[in-house]
Amino acid sequence: MHARENKSPSKTAELVAAARAEHTRATIAPIFEDRYAYAMCGRLWRTILSSRILLLLVKDGLLRNLRPILPAIFTRARFGEDCLEAAMAEGVDQYVIIGAGYDTFAFRRPDLMERLTLYELDQKATQESKLHRMRLAGMEVPKSVRYVQADLTVERLQDALAREGFDFSRPAMISWFGVTYYLDVDTVRTTLTSIARDMAPGTTVVFDYLADAEWVPEEAQPLLTRATAFVARRGEPWLSSFVPPDLPGILASLGYEDIDNLEPDKVEERYFAQYPDLKYAPVIGLCRARTTP
Ligand SMILES: C[S@@+](CC[C@H](N)C(=O)[O-])C[C@H]1O[C@@H](n2cnc3c(N)ncnc32)[C@H](O)[C@@H]1O
């Protein structure tokens, strides 16, 4: 593993909060509703989101290269919460969000929170910024949330969770969205291995992944190239990708079963049937897997 801790709050974490806020405000029946996302944005993004003209200018200007990928942000959040509810129906009561950024689950879903202990893990700067924005918005820290400061390139997941009292004898739900591609392949594998080896059998992990350029259809190649350059310019380069059909084999070899690998070109079919105007760029896949009992 190599150390690459960001000293400033994650810009991409703020961007995804802004994308969730915009989807919630602009869609009559959102795929994923996040009424707290707006409060998690800094002043600049709140100004942009509050002005139709500014928002259009930003979407067509600054975000031009990323725009087709933005629906992946709220779709993965919906996929993750569908999986969480299924895991909770089977008795899971520990929920870990790795790279939580400005995630608002603890506020959005009090109905689920009352049956969960939530561990939100992120690097120090981003987590402190989130807690600061919560204070500014008058959002009190919910009792059953543990905030875990860790950089997964220098500390193992299980060591970070152990510090905050995570119970390794009971299965958990691990959400890992918007993060794997910012880590190198070794770190992704190490984290998946550590979940399979050190957590209780029946633990579920959900994550999204970047499709390998060799798999991405030709028509989406320019988008992949532009989006890759966009995040790299903001100091958070994409470091790993997978060939989507290879993923179930990789996960099985690491100790997972019951794998739902929603390859990038299958997401639209599952989630966008009621939204003819939405398109899902075939670049990011969604995956759920459970550790073998
Ligand atoms: C794009 S944001 C995703 C936020 C959230 N999971 C979501 O889907 O909205 C990526 C998050 O991963 C965190 N992250 C990136 N590298 C990390 C690392 N090495 N250790 C811990 N967190 C990391 C960033 O700080 C950031 O909050």
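1. Start with the largest cavity: 47 residues line it, and Gly-99, Phe-177, Gly-178, Val-179 and Tyr-182 lie nearest its centre. Helix H1 (11-26), helix H4 (71-89), strand S1 (94-98) and strand S2 (117-122) each give two or more residues to this lining. On a 1 Å grid over the protein atoms alone, a cavity is a set of points where a 1.4 Å probe fits but cannot get out, a pocket is an open set with protein on both sides within 12 Å along at least five of seven lines, and lining residues have an atom within 4 Å of a point. Helices (H or I, at least four residues) and strands (E, at least two) are DSSP runs, numbered from the N terminus.

2. Keep in mind that this is a predicted model, where local features need pLDDT of at least 70, side-chain atom pairs count only at pLDDT 80 or more, and totals for chains, interfaces and linings use all residues. Residues are numbered from 1 along each chain as its sequence is written, and side-chain values use heavy atoms, with hydrogens and water left out.

3. Now the largest pocket. Its lining has 23 residues, with Glu-22, His-23, Lys-59, Phe-74 and Leu-278 closest to the centre. H1, helix H2 (43-49), H3 and H4 each supply two or more lining residues, and H1 gives the most, with 6.

4. The second largest pocket has 13 lining residues; Lys-11, Glu-14, Leu-44, Trp-45 and Leu-62 lie nearest its centre. Here H1 and H2 are the elements that give two or more residues.

5. Leu-54 is partly exposed, at 34% relative accessible area (buried is under 20%, exposed over 50%, partly exposed in between, with a 1.4 Å probe and protein chains only).
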